[in-house]
Amino acid sequence: MARAIITAFFCLLAGAGQQAWAGTLGQSNQNFVLTGEGPNAQGDGVSQVTYGDCAFDGTNTKCTLSGSFTGLGPGGTYSFVLSYPGNGPSPLTAITAPGSDLFTFSLSSGGFTYTFNESNGTTLSFHSLNYSIYFIPGTFSCTGSVTSCDTGTVGQTPGATESGPVNGSFELAPVIQTVISAGSYGGFTSIAPATWIEIYGQNLATTTTDWTGDFQGNNAPTSVGGTTVTVGGKPLFIDYVSPGQVNGQVPSDVDTGSQPVIVTTAGGTSAPFTIKVNATEPGLLAPAAFKISGTQYAVALFSDGFYDLPPGLVSEVASRRAVPGDTIMLFGIGFGPVSDGTLAGVIDQGKKQVNASVVFTIGGVSAQVQYAGLTPGVVGLYQFNVVVPNIPANDKTPLTFTVSGTQGTQTLDLFIGN
C-alpha cells in the first residue's frame, strides 16, 4: 500500500471528513525527498523536506512539484511551489509521530502557491490547500542505517533519506468552519437580515481582495474575487474575501429561523453551514482595541472627530472624556429595518430612522437619543447620537441598550468626566 505523507496541510485533517476529495494528483515529475534529523523534544521524528526541483533567482529559492491532475473540470496539470528567501537549505520539515507514516508540514519561512492549470485554459491558484500525497509503491527508496523504509523510521534516523515520486488527492471546495456576526460588533453566533457577518474556513477564496471597484453605482457587489455566498438562498453583499475569511452584509429579505450559508468559488461549493437568523441581532462597535485593562469600551465619537478616551491614552488618537450634556455617536449593526425601507447592499443616501424603539442608558440613567438610524454614505451601518445624562464622573461607566424592550447582550463601558 502507498504510504501517506501529508494530509490537510497546516490543518491536521480539519474538514477532511466533511466532503469527498475533489480530485486526484497524478505521479509527480519530480522526487519528494525526506532527510531524517532525528526525534524532537516530544519524541516525534523530524525530516527535512526537499520539495521537487529547486532554483535560486538571486533573491528567493523556488521549489516546484508538478504533474497531472483529474477530478477538477477537464483536468490538466498542477504546480505546487515552495518559495523561501535566500539560497539555504529547505525551511520545510515533516513531523511524524512514533510508529506512524502520517506527518504534517512545518514551515519556518517562505510560503506556498498551489496552481491548477486546466486543459481548457482556466487557471486556479491557492495559498492554502487541503491535500494528501503518497510515495508510490515500488518507486521510492531509502538510504542510511534504517531498519524500515518508512517516514516514521527515516524521521527518527539522522542522515537517512526516503525519496521518490508521489501522487495523491486534493480538495479545492470551500469548507465553512464557523459564521458569526461582525466580530467588532459582538461576534454573535446568531445573525439577522441586513447585518454584517464574518465567515471563517478553508478555500473560501482564491485571492485576498475587497470590494473596491466592484460597486455598480450605489449597489454593493455580490461577487468579489470570484467568491459568492448565499444566506438562506439569497446572495450576500461581499466586501472582503481571503482563503480563510469572507465578510459581507446579509440580504434584507432572508427568512428568520435556521438558514444555510453556502460559499462558492471556482474550486467548488461548500457544504451548507446552518445558522440561526433572528429578526434583529444588535451589536455596538466595540473592537478588541477598545478593551483596556480588561474592560470593554464602546467606540464613542464626538462630532469633531475626538474619541471618548482619556487624553493621551492612545498617542495617535485625538481624545477627551465625555461629560454630561455632550452628544456622542455610537455605531452598530443588526438593529432591523429603517423608516424608508432602505435595503442591504446599498450606500445610504440620507438619514433613515430605525423602526424599532432603541433606548440607551449611561451609568444606569436613561439617555436622550437624538438620532437612531443609518449612517449616510455607508452600507448598512447604524448610528446613534446620544446625549450623556447628568451622572458622576467614572472611567468605568456602564453603557446599556434595549431594542423594542429586549436588552442588548454586550457588556460595555464609557469614559465619563466632569
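Predicted model: local features only at pLDDT ≥ 70, side-chain atom pairs only at ≥ 80, totals over all residues.
I turn next to the disulfides. How many does a search of the whole structure find? The search returns two disulfides. With the bonded cysteines counted along the chain, their pattern is 1-2, 3-4.

One of the two disulfides links Cys-54 with Cys-63, at an S to S distance of 2.0 Å. The torsion about this S-S bond is about 110 degrees, so the disulfide between Cys-54 and Cys-63 is right-handed. Cys-54 is partly exposed, at 42% relative accessibility, whereas Cys-63 is buried, at 1%. The cut-off applied here is that a buried residue has under 20% relative accessible area.

The other bridge is formed by Cys-142 and Cys-149, whose sulfur atoms are 2.0 Å apart. Here the torsion about the S-S bond is about 85 degrees, so this disulfide is right-handed. Cys-142 has a relative accessibility of 24% and counts as partly exposed. Cys-149, at 22%, counts as partly exposed as well.

The third topic is aromatic contacts. A pair of aromatic rings is described by two quantities, the distance of the centres and the angle of the planes. The count for this structure comes to 26 aromatic pairs. I shall present two examples.

In one of these pairs, the rings of Phe-116 and Phe-170 lie 4.7 Å apart, centre to centre, with 35 degrees between the planes, and the pair is classed as tilted. Which parts of the chain does this pair tie together? Phe-116 belongs to strand β10, residues 111–118, and Phe-170 belongs to strand β15, residues 166–171, so the contact ties together parts that are 54 residues apart in sequence. Both Phe-116 and Phe-170 are buried.

My other example is the pair of Phe-290 and Tyr-307, which is tilted, at 6.2 Å centre to centre and 50 degrees between the planes. Phe-290 sits in the loop between β28 (283–284) and β29 (291–292), while Tyr-307 is in strand β31, residues 307–308, so this pair ties together parts that are 17 residues apart in sequence. Are these two residues buried or partly exposed? Phe-290 is buried, at 13% relative accessible area. Tyr-307, by contrast, has 27% relative accessibility and counts as partly exposed.

Aromatic rings also meet a charged side chain in this model, at Arg-320. Arg-320 lies over the face of Phe-302, 4.1 Å from the ring centre. Arg-320 also lies over the face of Phe-306, in this case at 5.1 Å from the ring centre.

Finally, I draw your attention to Ile-416. Where does this residue lie? Ile-416 is in strand β39, which covers residues 412–416. With a relative accessible area of 2%, Ile-416 is buried. Ile-416 and Ser-90 are separated by 326 residues in sequence and by 56 Å in space, C-alpha to C-alpha.

That concludes the presentation. Thank you for your attention.

How values were computed:
Residues numbered from 1 in each chain as written. Heavy atoms only, no water. Phe/Tyr/Trp six-rings, centres within 6.5 Å; stacked < 30°, edge-to-face > 60°. Helix = DSSP H or I, 4+ residues; strand = E, 2+ residues; numbered from the N terminus. Buried < 20%, exposed > 50% of the residue type's maximum accessible area, 1.4 Å probe, protein only. Lys NZ or Arg CZ within 6 Å of the ring centre and 35° of its normal. Disulfide = S-S within 2.5 Å.
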